[in-house]
Amino acid sequence: MSEAIPESWQAALEPVLSAPEARRLGGWLQAEEAAGRTIYPPRGTRLAALDLTPLDRVRVVILGQDPYHGPGQAMGLCFAVPQGVRVPPSLLNIYKELESDLGLPRPGHGDLSAWARQGVLLLNNALTVEAGRAGSHAGKGWEAITDACVAAVAARPEPSAFILWGSHAQAKAARIPDLAGTQRHLVLRSPHPSPLSAHRGFFGSRPFSRANAFLEAQGRGAIDWQLRS
């Protein structure tokens, strides 16, 4: 692994990072880049979700599948794109639900860093992707690392809200013993916000207000979901 693991996550991830699978992942990524393949997000941003959201500050977990595979889009936070990049369709639907749920105006950008800094872990299942090839880095070893991230949050005594959009996120949660049958955490499941599935139950699911109600009841404070320019 060429990326430095943030200090707050090191103890939780050390066992999986020392395993052969993680070493193979690091070698495979180096070989892909040496072969001239473009990988998103760029080096230095692949662990942005962990950098911006220390383990002991996580209050909400939102799980994505893999990074955007278009140029300039991926920034290491699931569903997010940098300022100045067009808001992708799934994120636009998230903003529509945010407006419907909390009455907040739709942001004019796709940068979700403000959520991450408040304790919203925006974690993809795979943390890299080859340019133009969605899902191309699935099954290469990232899953063991991101499973360990989710398990570390689930094992903490502080209650957190897990927002699981779509079958991939829900399947990941089912692999985590402390989360699959939990009574301590809030687990919200709905269809993915993609235009292909959002009308099957994502719209109207009210994940933002439900997560905040749970966090406030647990004494952990509400997330300010409003994104400002």
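Is Glu32 buried or exposed? Select Glu32 in helix α2 to begin; helices are DSSP runs of H or I with at least four residues and strands are runs of E with at least two, numbered from the N terminus. At 12% relative accessibility, Glu32 counts as buried, a class that means under 20% relative accessible area, with exposed over 50% and partly exposed in between, for a 1.4 Å probe and protein chains only.

The model on display is predicted: local features need pLDDT of at least 70, side-chain atom pairs count only at pLDDT 80 or more, and totals for chains, interfaces and linings use all residues. Residues are numbered from 1 along each chain as its sequence is written, and side-chain values use heavy atoms, with hydrogens and water left out.

**Around Glu32**

Keep Glu32 selected and display its contacts, which are heavy atoms within 4.5 Å. Residues up to four places away in sequence not being counted, Glu32 touches Arg37, Ile39 and Glu130.

**Salt bridges**

Side chains of opposite charge can pair when their charged atoms come close. A salt bridge here is a side-chain nitrogen of Lys or Arg within 4 Å of a carboxyl oxygen of Asp or Glu. The whole structure contains 10 salt bridges.

Select Glu33 and Arg46 next; their side chains form a salt bridge with an N to O distance of 2.8 Å. This pair links distant parts of the chain, 13 residues apart: Glu33 belongs to helix α2 (residues 20-34), while Arg46 sits in the loop between β1 (39-40) and α3 (48-52). Arg46 has 3% relative accessibility and is therefore classed as buried, whereas Glu33, at 23%, is partly exposed.

Move to Glu99 and Arg106, whose side chains meet in a salt bridge at 2.7 Å, N to O. Glu99 is partly exposed at 33% relative accessibility, and Arg106 is also partly exposed, at 43%.

Then select Asp224 and Arg228, a salt bridge in which the closest N and O atoms are 3.2 Å apart. Asp224 counts as partly exposed at 35% relative accessibility, but Arg228 is exposed, with a relative accessible area of 51%.

**Helices α4 and α9**

Two packed helices are described by the angle between their axes and the distance between the axes. Select α4 (residues 89-102) and α9 (residues 207-217): their axes come within 8 Å and cross at roughly 60°. Axes are lines fitted to C-alpha atoms, for helices over the stretch in contact, and angles run from 0 to 180 degrees between N-to-C directions. The two helices are therefore oblique to each other; angles under 35 degrees count as roughly parallel, over 145 as roughly antiparallel, 65 to 115 as roughly perpendicular and the rest as oblique.

On the α4 side, show Ile94, Glu97, Leu98, Asp101 and Leu102; on the α9 side, show Pro207, Phe208 and Ser209. These contact residues divide into five nonpolar, one polar and two charged. Ala, Val, Leu, Ile, Met, Phe, Trp, Tyr, Cys and Pro count as nonpolar, Asp, Glu, Lys and Arg as charged, and the others, Gly among them, as polar.

**The sheet**

Finally, select the open sheet of four strands, with parallel pairing and the order β3-β2-β5-β6; two strands pair if DSSP finds at least two bridges between them. β3 (120-124) and β6 (186-190) stand at the edges with a single partner strand each, so one side of each has no neighbour in the sheet. From one strand to the next, the twist averages 15°.

Zoom in on β5 (residues 161-165), which pairs with β6 in the parallel sense over five bridges. The bridge partner of Phe162 is Val187 in β6.
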